[in-house]
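Please look over the structure below before reading on.

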Amino acid sequence: MRKICNIIFLIIYIAIVLSIPAQASKESGTLKAKIIDAEGFPLPGAFVYLSSKSLIGFHTYITTDTGLVRFKSLPPGHYTIMVEMPGFKTVSIEDIIISVGKTVNFTITLEMSTVEEEITKKAISPTLDIESAKNSSTIDNNIIRHIPFPRDLSFLIKGGPGIVTRSDLYSEYFSTHGASVRTNSFFQDGFNITDPVDGTPVIPLDIDVTEEIELETGAHPAENTADDGGYINIVTRIGSNSYSGEALVYFTDKGLSQSLIGNDEIGDRYTSIPNIDKRLIDSSFLLSGPILKDIIWFFGNIGFTHQSQETSFVPWSDPMGITQENFDWNNRTWQGFLKLNGTFTPKIRASASFSFSNRYQGTNESPAAFKIAEEATRVLDHDKNLMATGIMRYTFNQNSFVDIKAGYLHRKIPLYLNENGLENPQYIDTLTEYQWGSASLNEHSEHKRFQVGVHFTHFQDSFIWGNHEFKAGAEYEFNFSEFATWKYDNLLVEYFNSSPYYYGITNSPETGNNVGKGRIRFYLASLLPEGLIASDDIRRLGAYIENSATFGRRLTLYLGLRFDRSYARQLSINKSASGNTLSQTIGEEMIEPDIGINPFGDYYVPEWNNLLIWNSLSPRAGLTLDISGNGKTLIKASYASYPEYLRIYHTNQLNPIFPLNSHRFFWYDENMDGLVDIDDTFELYPDDYRIYDRSVYINRIDPDLSPPAVNELIIGIHQELFKDFSLRINYIRKKKDNIMKTVPYSYDDDKEWYWLEDDTEGWWVPFSTTIPGVDEYPNTNVTVYFPSIYAPDRFDRLTNVPQLVQQYSAWEFILNKRMSHNWQLFASLVYSKARGNTGLGFASSSVYPGIAFSPNYFTNRTKDSLLDFDRPFVLKVLGTYRFPLGISASLFYSYMSGTPWIRSVTIVPPSEWAAENNVFPEEALILLEDSETNRFDPIHNVDFRIEKDFNIGGSAKLGAFIDIYNLLGTKYQILAPNDGGYWFPDKEDSAEGTRLLSPDYQNTIYCQGARIFKFCIRFSF
């Protein structure tokens, strides 16, 4: 049905739009005006001049018969417009505020005069955009400069409306109005800076180079390459015709911080007191000015940050008796930025930018990862990022212009094992979740993105009863990822409750002796750094057309259509032998005889061209109605269908030799020494090793696979309450279906078998049991499903899963008061519901195994279940007040409802029952209740800043401010409420057995509660 609607939409659209078009720069705003005489008639032939400190030179326009004036692609700033015409008084209007992504509309009346006379007026800049239907907010320079946030724009962005995080505002990933954290797109001056693999910004979001941020959370126009998540466009600063600069230092240390939670409040076994900086020094230097006045300007910045913290790790002794001590986390980052803007002729304007960063972290894992011992961490050994962009605009005439854009990103991410774990296996206790011995693997990855586009814009007045802005463009994008792994010992041992014998003591199938039975893995990783390098690339060709038509300056209709065609490819791999010789031996003796390939030995994987070709069509429509006729009361509505963009994370794990892949084995410790060695006995897990046969693994993609899609509807009323102050109320509804996941697939039967209603021929065997109650939790009856020994060996396939869905609805209230009369306010309240049966977080939004991989996944997960990022009530308030004597005070307040949590347990079937029913002895995780039952406590916090500027002569200023984080001393702890753990029933339909509760149960696993003071001194001229 959706495809039919898209085709109908396309036919209608082509019938309406008969023009060649393009795109205004996404890093800018627009000014439109209508020049009329005292009787309201349009004045053709009027000369209009636009000037600003943000412009090189000035822009001109001559009105046509309609009297209309348009200035596109204006950098954010304050502008002056002057209109002159023979026989009329010259009018000059000052202090017009232009913001990124917004259109400002004016009506300018000229009075007749027989003598030369000029009238100068102060502008009352509208707060509402009467033309665009997109749902966006502007974070301007006043908010960026004053609101108390860590000096990283990602934190400030999370203060925007509609954005929630899983734990708190300092979480790395965020969801935008019920969208997956993977679907946010980050742009800098209109260039995509999103990492093609993990979805985070490639280039650090530097607060010092930023002029404004447009936070677009819905109703994305067709020109924007956006999923249904946030479209975050960061506009960088430009130079000026005079030299200026700034130097600042932002710092704190342990003596300026106070933990409000003591060890006596959280106990001495789990996480430590809240993380605070032992030391933070963040320095930045800015310089801007002309290279050639009125021709070329420059803006440059260089910064250095050094930060160290105590981690949350609490010393403990591992099962080998070795005491794992506490350790510090540290970070050192260099970054720089240079931007050039030039006007070479009245028809040609250009800009170029260059940026780099270099980050070193002695411990890459989060300081809050309190269960990871230092020897199991990795070093981020200089994460290097480079970006270069260029834009050229050629103006044909005052109604037509073309933009040509090109950009290149390159990121290198080396993650190396801690020196204490270089030659160790990795150990993970599946019950306690402690990790020691070593981290997984040495990794080195490179991510690249090249993008080029041509965009054309044309204005056509008095056409089909309205004034039209036609746009069209074409883009090419190339994304590349190279991923290498290696390790001396590629063994991972899964402990259980501090024992290496995951399954306890049992009879060896080889000797018949009573021995310890465990579970181990071997990573495919090579012994040598160059021995396993997987490379993936995605090429995307995109094109769009759109028309924004205004009728009578009251009604604007928008129609847009976007088409993208993506090609995914995997390059060939020459894999050398894995590190641990035991893995090579197991592969040679147990796997190679069946398939002719040893995955732990030398192996060649040929290139896989066009493994996935993805075509997506995205129609978008919008309406804006100016009810009052004065731009102060608007109704807006929009509809969009967003197909999910093909990204490298969709395809890289389809490679049979994906560098992080591993195989699991049963291990029988014949000599009972607790070590995995050549004299022990091993059994294969039921993996289908034909995955290494090219004729088989190309079937890992459903030939009927199609892009998931989100349908979005937004209806809103926007009201300008008084000068510089507006209220926006929006209703938002979204639904995502056609969701992709990898599911169990029988290659021989050409059948997926994750769902009970499919004909699975007894491949899933039901088992009923009663989970004993704990504390206030009652006994719970459940039915769990285990795979039969007759079920196919595990082979996963990427397909659309019709049983999965995500739904979101929200009421959004936004108050925005621009800085004027010494105060500013940016506040949002969102009341929402996020429902469905597949989560929005980084792991749960993955397409790979774990989601919808068995019937057990759907127990207590329905299409109406609450999602992991569901926070029904979110309030954010950002504000500043300027006192006399150059003193300002600012605050940021946030309140977020707690996220839902669900009881769960892992069930291990009785061995006798498993044997009698031909069940493979594999444990199964199952939810014990629906998602409506429990929520974590809400989070609220106040951060505060007070600052003072001193004039020290001429244009020079010395400023200082103090940030106080957690002003009111809020404390927040999560005592693990889920009894979780394992259940070992003695028999079916019984509450008898052994219950091992989660070691985290009723212990503090996370705490937040420190009052932190940070100081800044800055000098500017």
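This is a predicted model: local features need pLDDT of at least 70, side-chain atom pairs count only at pLDDT 80 or more; totals for chains, interfaces and linings use all residues.

Four strands make up an open sheet in the order 54-53-59-60, and their pairing is mixed. Strand 54 (924-927) and strand 60 (993-996) stand at the edges with a single partner strand each, so one side of each is left without a neighbour in the sheet. From one strand to the next, the twist averages 25°.

Within this sheet, strand 53 (residues 904-907) and strand 59 (residues 982-985) run parallel and are joined by 2 bridges, and Thr 906 stands opposite Tyr 982 of strand 59.

## Antiparallel pairing around strand 23

Strand 22 (residues 328-345) is joined to strand 23 through a hairpin of 2 residues, and the two strands pair in the antiparallel sense over 14 bridges. Gly 336 has Phe 356, in strand 23, as its bridge partner.

Strand 23 (residues 348-361) also pairs with strand 24 (residues 378-397), again in the antiparallel sense, over 13 bridges; here Gln 361 has Leu 380 of strand 24 as its bridge partner.

## A nonpolar patch on the surface

A nonpolar surface patch, with about 950 Å² of accessible area together, includes Tyr 243, Phe 251, Leu 287, Phe 950, Leu 958 and Phe 1019 among its residues. At least two residues of this patch come from each of strand 16 (244-253), strand 18 (277-292) and strand 62 (1010-1020).

Leu 958, one of the patch residues, lies in strand 57 (residues 957-965). Leu 958 counts as partly exposed because its relative accessibility is 35%, which falls between the limits of 20% for buried and 50% for exposed.

Conventions: Residues are numbered from 1 along each chain as its sequence is written. Side-chain values use heavy atoms; hydrogens and water are left out. Two strands pair if DSSP finds at least two bridges between them. Axes are lines fitted to C-alpha atoms, for helices over the stretch in contact, and angles run from 0 to 180 degrees between N-to-C directions. Patches are made of residues with over 30% relative accessible area and no salt bridge: like charges are joined within 9 Å, nonpolar side chains (Val, Leu, Ile, Met, Phe, Trp, Tyr) within 5 Å. Accessible areas come from the Shrake-Rupley method with a 1.4 Å probe; for residues, only the protein chains shown count as cover. A salt bridge is a side-chain nitrogen of Lys or Arg within 4 Å of a carboxyl oxygen of Asp or Glu. Buried means under 20% relative accessible area, exposed over 50%, partly exposed in between (1.4 Å probe, protein chains only).
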